[in-house]
Amino acid sequence: MSGVEKPYIEERDGGYWVAGTRVSLDSVVWAFKRGASPESIKHSFPLLTLEHVYGAITYYLAHEEDIDRYLDASEHAFARQAAEIRSNARDANPPLFERLSQMKQDRKTSRR
């Protein structure tokens, strides 16, 4: 053994990534949290080796509190951006969204 720890995760562009790939740690962690096996995760991400998957899971477990905070912050940021996009779209085309709202209401009424 060389005694040098192999890096499985790297931080770049404000996120965590499986080293040497374009696969986010988020993707592996969410699959792991849903109960997916490492083999199943590897199957979902063909670029990853089983060693990558186990390394990512090990990294997550060793830094669980920090990564969970990061994932929560990412989810909140995504939700804010999605709400902003919806709001901007409504502002850009109010008649369209009024028609869509009316169609949705008509659909609810016709199902009763």
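## Salt bridges, core and surface

K6 is partly exposed, with a relative accessible area of 47%; in this report, buried means under 20% relative accessible area, exposed over 50%, and partly exposed in between, with a 1.4 Å probe and protein chains only. The model is predicted, so local features need pLDDT of at least 70 and side-chain atom pairs count only at pLDDT 80 or more, whereas totals for chains, interfaces and linings use all residues. Residues are numbered from 1 along each chain as its sequence is written, and side-chain values use heavy atoms, with hydrogens and water left out.

K6 takes part in a salt bridge with E51, where a salt bridge is a side-chain nitrogen of Lys or Arg within 4 Å of a carboxyl oxygen of Asp or Glu. This pair links distant parts of the chain, since E51 is in helix α3 and K6 in the segment before β1, 45 residues apart. Helices (H or I, at least four residues) and strands (E, at least two) are DSSP runs numbered from the N terminus. E51 is partly exposed at a relative accessible area of 39%. The count comes to 4 salt bridges, among them the following.

| Salt bridge | N to O distance |
|---|---|
| E51 and K6 | 3.2 Å |
| R12 and E10 | 2.2 Å |
| R69 and D66 | 2.4 Å |

R12 and E10 are partly exposed, R12 with a relative accessible area of 26% and E10 at 30%. R69 and D66 both lie in helix α4, 3 residues apart, about one turn of the helix. D66 is partly exposed, its relative accessible area being 42%.

Helix α3, which holds E51, covers residues 50-62. Its 13 residues reach 18 Å from first C-alpha to last, close to the 18 Å expected at 1.5 Å a residue; the expected span is 1.5 Å times one less than the number of residues. H52, V53, G55, A56, I57 and Y60 of α3 are buried. The buried residues of α3 pack against β1 (9-12), β2 (15-18), α1 (25-33), α2 (38-44) and α4 (64-92).

The largest nonpolar core has 17 residues, and V18, L25 and V28 have the most contacts inside it. Such a core is a set of buried Ala, Val, Leu, Ile, Met, Phe, Trp, Tyr and Cys residues joined through side-chain atoms within 4.5 Å. Elements giving two or more residues to this core are β2, α1, α3 and α4. Leaving aside residues up to four places away in sequence, V28 touches V18, V23, I41, L48, V53, A56 and I57, contact meaning heavy atoms within 4.5 Å.

The loop between β2 and α1 contains R22 and G20. R22 is exposed at a relative accessible area of 76%, and G20 is exposed at 74%. R22 touches R12 and W17, again not counting residues up to four places away in sequence. From C-alpha to C-alpha, R22 and L48 are 9.8 Å apart in space and 26 residues apart in sequence, while G20 and L47 are 9.9 Å apart in space and 27 residues apart in sequence. In the loop between β1 and β2 sits D13, which has a positive phi of about 55 degrees although it is not a glycine. D13 is exposed, with 73% relative accessible area.

L96 lies in helix α5 (residues 94-111) and is partly exposed at 30% relative accessibility. L96, L100 and M103 make a nonpolar surface patch of about 270 Å². Patches are made of residues with over 30% relative accessible area and no salt bridge, with like charges joined within 9 Å and nonpolar side chains (Val, Leu, Ile, Met, Phe, Trp, Tyr) within 5 Å. Accessible areas come from the Shrake-Rupley method with a 1.4 Å probe, and for residues only the protein chains shown count as cover.
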